[in-house]
Amino acid sequence: FMKQGYGMLLLYTLKNPSFPEYSFTSESGVMCLDFHSDHPNLLAVGFYDGNVAIYNRKKASSQPSYKSSAKSGKHTEPVWQVKWQKDDMDNNSNFFSVSSDGRIVSWTLVKNELVHMDVIKLSADGTTMQGPEGLQLQTFGSGTSFDFHKKIDYLFLVGTEEGKIYKCSKNYSSQFLDVFEAHHMAVDSISWNPFHLKVFISCSSDWTVKIWDHTIKTPMFVYDLGTAVGDVAWSPYSSTVFAAVTIDGQAHVFDLNVNKLEPLCTQLVVTRKQNKTTHIQFNPVYPIIIVGDEQGLIVCLKLSPNLRKMPKEKKGQEAKKGPEVEIAKLEKLLSLVREPGSKD
């Protein structure tokens, strides 16, 4: 962070992991990106200097097709996450961005420009601060990560540098639906479970990963991983499997259905001393996870069969599969935690 230079955006295929298919350079470091689910050639990107841009893979140019500017509402601090949303009423593509400047901004592609709208401003407790010569300075909470609900279109969660998680609605810009006193340090990543509509997961530099029901103020499960957690991700194939990376270079894979207390596997991914693992993501189709680190290296790992055990088939019966089964599986675990005394 002290030595900011230019940035790069590289797109790889698993068929040839040693060389990128596409590469784009930018004036500022790239902090985050998101593929459009319906138009995979479009990529939303957030930069260290507070700008956001859209790159189009189909265009030969290495410049972004659309980019924000100081005039058009760019952030004043690094953009930590960008997420595409469904097209709006007029079929315009739009995405959201979150930044340390405390703003969550929606960007809509209207005709040939990015139009911005502030969705919410995060304010820290005790919003005004005494500045020099009696000036009143306003302090803002710093957004670090966010995620939109998979089914309830207006609902989203925001994690902050102060460790709080805000439950927000796109319809109310001035107030929050709820605030979770989630962590003692910055919330590094937050995401809704792809199957169960009430559950989300968060991780933090305070060494913990926590699993929540958004209607309850206290976490359902808490895991202490012994060092700062850089990122956490749900698996796309099971409601109870998630993976996390810690800054000591390790990847951890959990399956709550197999073991509620310990990870099934903890593997060292990065061996060099001055390096930290920072990001982890599941492939949506194959049993592969990718881990990124501070030195700019990306490691692809294949999950061994015992890390992705499917429910056993009873004799003469087929094992049930599908979203309903996944929801029921996680619901059963949560019911044990919610009311340990009840027979339900």
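Predicted model: local features only at pLDDT ≥ 70, side-chain atom pairs only at ≥ 80, totals over all residues.

**Entry 1: salt bridges.** How many salt bridges does the structure hold? I get six.

I started with Lys 86 and Asp 153, whose side chains meet at 4.0 Å, N to O. Both ends sit in loops: Lys 86 between β7 (79–85) and β8 (94–99), Asp 153 between β13 (143–148) and β14 (155–160), so this pair ties together parts 67 residues apart in sequence. I checked exposure too. Lys 86 is exposed at 58% relative accessibility, while Asp 153 comes out as partly exposed at 38%.

Next I looked at Asp 147 and Lys 150, a salt bridge with its closest N and O atoms 3.5 Å apart. Is Asp 147 buried or exposed? Asp 147 is buried, because its relative accessibility is 5% and the cut-off for buried is under 20%.

Then I went to Glu 326 and Lys 329, where the closest N and O atoms of the salt bridge are 3.1 Å apart. Both lie in helix α1, three residues apart, about one turn of the helix. That spacing makes sense to me: an α-helix has 3.6 residues a turn, so residues three or four places apart point the same way. I noted that Glu 326 and Lys 329 are both buried.

One more item for this entry: salt bridges with shared partners join Lys 83, Asp 147 and Lys 150 into one network.

**Entry 2: helix α1.** I stayed with α1, which runs over residues 323–338. Its 16 residues reach 22 Å from first C-alpha to last, close to the 22 Å expected at 1.5 Å a residue.

Which residues of α1 are buried? I listed Glu 326, Lys 329, Leu 330, Leu 333 and Leu 334. They cover an arc of only 125° around the axis, which puts them on the same side of α1. On the other side of α1, I found Glu 324 and Lys 332 exposed. For what covers the buried residues of α1, I wrote down β18 (199–204) and β20 (221–224), among others.

**Entry 3: nonpolar patch.** Last, I looked at the surface. Tyr 6, Met 8, Leu 10, Tyr 12, Ile 290 and Ile 298 make a nonpolar patch of about 610 Å². I picked out Ile 298, which belongs to strand β27 (residues 298–302). Ile 298 is exposed, with a relative accessible area of 55%.

Technical notes: Residues numbered from 1 in each chain as written. Heavy atoms only, no water. Patch = residues over 30% accessible without salt bridge, like charges linked within 9 Å, V, L, I, M, F, W, Y side chains within 5 Å. Areas by Shrake-Rupley, 256 points an atom, 1.4 Å probe, with all protein chains shown as cover. Helix = DSSP H or I, 4+ residues; strand = E, 2+ residues; numbered from the N terminus. Buried < 20%, exposed > 50% of the residue type's maximum accessible area, 1.4 Å probe, protein only. Expected span 1.5 Å × (residues − 1). Arc of directions from axis to C-beta. Contact = heavy atoms within 4.5 Å.
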